[in-house]
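Dear colleague,

Please find below the sequence and the structure that I am handing over to you. My notes on what was found follow directly after them.

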Amino acid sequence: MEATHATYPTARFRVGVDIGGTFTDVVVVAEDGEAVHCVKVLTTPDDPSEGFLNGLAEASERFGVDMKAISFAVHGTTIATNAIIQGKGAPAGLLTSAGFSDVLEIAYQTRPALYDIFYEKPKPLVPRYRCIGIPERITAKGEVLTALDEAAVEQAARQLAAEGVEAIAVAFLHAYADPAHERRARAAIARAVPGMIVVLSSDVCPEYREYPRTSTAVVNAVLRPRVGPYIAQLEHRLAERGLGTGLHLMTSSGGIISAETAKDLPVNLVESGPAAGVIGAAFVAGQLAHEGVSKRILALDIGGTTAKVALVDDGVPALADEFEVGAAARPTTTASRGQGYPVKTPAISLIEIGAGGGSIALIDPGGALTVGPESAGAVPGPACYSKGGERATITDANLVLGRLDPEFFLGGSLTLDAARAREAIRRDVAEPLGLGVEEAARAIIDIANAKMISAIEFISIQQGIDPREYALVPSGGAGPLHAVAIAAALGLRTVVIPQMPGLNSALGMLATDIKHDFVRTLYRPIRQLTAASLWSLLDEMADAGTALLKKNHVPADQREIRCEAEVCYVGQSYALRIPVPADRSEGVLGQIDAAFRASHQSKYGFASRTEPTLVTNLRVQALGWVDRPRLGSYNSGQGVAAAMKDRREVHFDRPIETPVYDRTLLGAGDVVVGPAIIEQMDTSTVLPEGTSATVDPSGSLVVTIGVEGN
Amino acid sequence: MPDIMPGSKATGLTDIDPVTFEVLRNAVINATEEMALTIRRAAYSTNIKTRADFSCAFFDSTLRCIAQSFAQPSHLVAMATIAPASIREYGPDRLRPGDAILVNDPHRGSSHLNDITCVTPVHFEGHCIGYLANMAHHVDVGGSSPASLGLNKELFQEGIIIPPTRVAQGGEIDDNVLNLLLSNVRAPRETSGDLRAQLSANFVGAARIVALTRRYGAEVMRQFFDELISYTERWAAHDLAALPSGSWEAEACRDDDGFSDEPVRLKARVTIADGRMTLDMTGSAPQLASPLNCTRTMTACALAFVARCLVSPNLSINSGFLSRLEVTGPDGLCCTALRPAAVVGGWEMAQKIAELIFLALHPAMPERVPASGKALIVNLGFGGMDPVRNEYFCYMETIAGGGGARPDRDGATAVQTNLHNTENAPIEEVEMNYPIRIVRYGLIPGSGGAGRFRGGLGVRRDFEFPFAACSFTVFSDGRRFAPWGLEGGAPGACARYVLDPDGEATDLPSKCTVMVPQGGRVSVQTPGGGGFGNPGERAADASAADARNGYVLDPS
């Protein structure tokens, strides 16, 4: 991101590569942390690894980065998500306990829409004729009720192989309690069809509740034959070019895993893109030299069709245990489950709403103005793109209000047609409401902002968290256009605009740790447990984690093991996560119990002191710390006056002749006072009156809201 | 908002600007959704925490329903009726901050006794500004058999009847009232936990409404409520007026009332005119001495469900929408039952009424109406002593079936239909918590009615009681009259309820309580959906996929 083209003959580098729908972003960081470079190249959809290599080649050329000097490479990819959404997963088979082979067809037994006669239930990822029941049964306590019929497994495997499947998922009832039958089934499949890929539910998701567990195994089975070779090929090509290190991949939980692990567990990659963006936002905030900015942030990514919000406390994003891949948007209530395919792996908890740059504004039949979720997307796009779109969108509103420069959109790569934007807003919104065009445009922006404000409140206030203690970190092309107004409405004091909001994801990949997550179902009342029984399961998972970290060459002093218990009252199902203190005495159980009751009180407003508690699952996270890049040496500029490139009329609560600054000409320590527009290649920052922005030495803009007397 | 809110005088939104309006519209819905999340996470019974058989709503101080979270359509009208009725009866002036009242009386405007509604007032600066309410299906409220599903003749046999009763005062639960309730139910620990979850949800919702009022002011909130109701009503009227207007009739039968073999006749006259939709059930069977009755409120839920399917998908659900709908005709029918009618199985009636409305409308809008589907709840309840835990256990669940084929596509397989949409209970969770075993759970091949578009498949779930004998109740229907097809589509398969399915295979009536011996099994087999259009016109690739996937039976 620095302009100077230095050569580092001896330096070593880390690279983060994020492959998005349009662009492949490459961020290169010198290991001494002093230089951060970035390259944007076009994504190559037919073979995304081409774009990956093109990006590296360009970085190598422009910044003198020797491939052999790359010590660490992290990759984020949408290949897993796209394979599911576009139905391009591998043909797979499923073996279940006999009598239960329709588990995918039945799913949650609900319909995904309540009042739509023409709804569709998601089509199972494995068709019914490739789902086969196997005589076997293990009870909830792990006792064998019916022995495994291994001959039936072999027969089924041969049948499925003849059908052309490339992977077989095995998901038997209560396999979380005892995986013995699943493991013997794997051996039987290997005997019948050597080389067949086998995915066990007890390996990918050893948790109770059969449908989400089976679904997770099936998603992994459908992905492995597609994602595994992609990663292998990428590794191969990188090795050919002399890349001197193993490749890592970003996971849905915001951690990274080795390429080797990712090939076996691609289900962990499904939400890696959004996760990387959140990690990037947290990293940027953590790098600020500016004193007094909260280390707790709300990451707000505004794209073309949706906006996503996540909450990060002191660098640690909130995690969800389960999500659905292929669902239209992340549901806000559990009542609307069943729109996609459940995946039970840890994922950064996000709220996604239908409001982005392309969201369409219209007057509904009741006479109210609504914005989104319908989107014009990139094609036909907003009216002002002149690519066939006729409807008024959020981008059109921003243009009409003077917040975007028609000549400098995406650095001038697309010229916007302000007349078309005005016409669309006049026809669709202003005229029906009896408003002026600018007033109508402001109404569109206010309503879009209100939706994002609701989403932020949903993940903060609902959790008992006051958003005013947080700093807002926007990303995506439209993020900085809206962020300051949203923050002001929520009563936030600070907005942190990253230096390159469009590159947050690639940067985030270099700003996280190796993370391996383990889970085991225990499902026993706390009072029946002993410290020894608790630690034997935790140690087992911790040992497996340590072994993986050793395999990743993580030195002992950079490893960390975190243990958590999921606890609820006997009879409840939705457990709260409680950290397990490093205490080997029997006292540990009382500490967990007390921490749970306190957490229940704060979350739900009541807590019984006497009712028995239950440990449902135990979790272990094995962390391998990775050094962070440092963003500490942003150029000093020629002063604010020199960075001002234009003045134009911008509509805030009234039209104001507003100075426009070129962000690349602003230097560390410069202060821009609102009203102002700060433009850069991938976005524009809108500063209303009463706000000011300071360029932090790390390159971010720190916007302070509530500035007196200007 | 930092920017000035533009005012608008051009549309019907006269008293409030469009931005504030839209912001508040989303915010109150979010408040009810937060309530839904709270109740689900804090609840104890499988029926609420896993199957999500509950709904949440906000009412303004004039007792109009302003917003609902969309959990169960069956609660659509029920809560909008019982919450205001109970507040009026209890006396709004007697409700202080932190108070809560419970009510479940079907004949005061609720559904069946298992659906307990909890209502809490919200105060701001000393004035009541509205009420939060939630309705949740409790696993047991006493009565003659586990899960309160007994085949009874009067309401008094079905469980404890709760008139509007204060259960909490100043945020504290009144143990006298709670103990009275818990002494009358079979699963007091679950009921107690579920009631606390319901209270907790209301307090969460109240905090949110207070915060909104603090931000926008009580006067703006009042204007917003007025405008939201009027706006929704305008929109509903617009959409209903766009449908063909006229009056249409249809008839169908439920199998029996559980005491005789006599079919129970239902007759519906549906009228769409002047932006309103009405349903008159004159000609239906008189009130029964059986729990198959449903109340007028439950019948209105069926009407509201169908109407909601026919209007714009973004239309809000509140009193503005509901005011365009009405169930007319006499009281005292099997579908407008009065005290002391038993009603626990009334949803089986209401489910069929929803489809009867679709059937009546079919000639007027053939491209918008599905064939008949499962149209049942399939209530299953069982209970007895749990020899492992040495405590009384009580469990209830409902099983999905086939959806009716649509004019342009097949019916969905293994879904809940019409008025409810409860999830299944995971087998692993059930077997961990109750002394039962599920030995089979799958689709029933061939159960979907043939057609150009095939009906969805029904589901079979078999239960075993390995540890002790158990009382098992099924309260359902659909063994005799199959879900109809439309335009030449074949009917779906009927339901079956079978004792000892792998041995003597005795067919059980659709409404009964039996003692299943230790080690015994019961099989529940739900109906498939009816087909749509001539089966001969089915696309070849669709037929091939049916055969390959075993959705249809091998003709040989």
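Helices (H or I, at least four residues) and strands (E, at least two) are DSSP runs, numbered from the N terminus. On that basis, Glu487(B) sits in the loop between β16 (470–475) and β17 of chain B.

Some conventions apply throughout. The model is a predicted one, in which local features need pLDDT of at least 70, side-chain atom pairs count only at pLDDT 80 or more, and totals for chains, interfaces and linings use all residues. Residues are numbered from 1 along each chain as its sequence is written, while chains are lettered from A and ligands numbered from 1 in the order in which they are written.

Confidence

The predictor assigns the complex an ipTM of 0.93 and a pTM of 0.90. For pLDDT, the predictor's confidence in each residue from 0 to 100, chain B has a mean of 92, with 97% of its residues at 70 or more. Residues 1–12 of chain B have a pLDDT below 50. In chain A the mean pLDDT is 88, and 95% of the residues reach 70 or more. Two stretches of chain A call for caution: pLDDT stays under 50 over residues 1–10 and also over residues 330–335.

Chain A as a whole

Chain A contains 17 helices and 35 strands. Its radius of gyration, taken over C-alpha atoms and compared with a globule rule of 2.2 Å times the number of residues to the power 0.38, is 27 Å; this is close to the 27 Å that the rule gives for 710 residues, so chain A is as compact as a globular protein of that length. The C-alpha trace of chain A spans about 80 × 65 × 55 Å along its principal axes. A residue is called buried if 20 or more other C-beta atoms lie within 10 Å of its own, exposed if 12 or fewer, and partly exposed in between, with C-beta atoms placed from the backbone. Of the 710 residues of chain A, 57% count as buried.

The interface

Two residues are in contact if their C-beta atoms, placed from the backbone, lie within 7 Å. The contact between the chains takes 66 residues from chain A and 81 residues from chain B. On the side of chain A that touches chain B, α12(A) supplies the largest share, nine residues. That side divides into 34 nonpolar, 18 polar and 14 charged residues. Here Ala, Val, Leu, Ile, Met, Phe, Trp, Tyr, Cys and Pro count as nonpolar, Asp, Glu, Lys and Arg as charged, and the others, Gly among them, as polar.

Helix packing

Axes are lines fitted to C-alpha atoms, for helices over the stretch in contact, and angles run from 0 to 180 degrees between N-to-C directions. Angles under 35 degrees count as roughly parallel, over 145 as roughly antiparallel, 65 to 115 as roughly perpendicular and the rest as oblique.

In chain A, α11(A) and α12(A) pack with their axes 9 Å apart, at an angle of about 90°. The two helices are therefore roughly perpendicular to each other. Among the residues that make this contact are Arg422(A) and Ile425(A) of α11(A) and Val437(A) and Ile444(A) of α12(A). By class, the contact has eight nonpolar, no polar and two charged residues.

In chain B, the axes of α5 (residues 188–216) and α6 (residues 218–241) come within 6 Å and cross at roughly 110°. This makes α5(B) roughly perpendicular to α6(B). Leu212(B), Thr213(B) and Tyr216(B) of α5(B) meet Ala218(B), Val220(B) and Met221(B) of α6(B).

Individual residues

Glu487(B) counts as partly exposed, with 16 C-beta neighbours inside 10 Å. Leaving out residues up to four places away in sequence, Glu487(B) touches Phe532(B) and Gly533(B). Tyr497(B), in strand β17 (residues 496–499) of chain B, has 25 C-beta neighbours inside 10 Å and so counts as buried.

Most residues other than glycine have a negative phi, and most peptide bonds are trans. Cis peptide bonds join Gly674(A) to Pro675(A), with omega about 5°, and Arg339(B) to Pro340(B), with omega about 10°.

Yours sincerely
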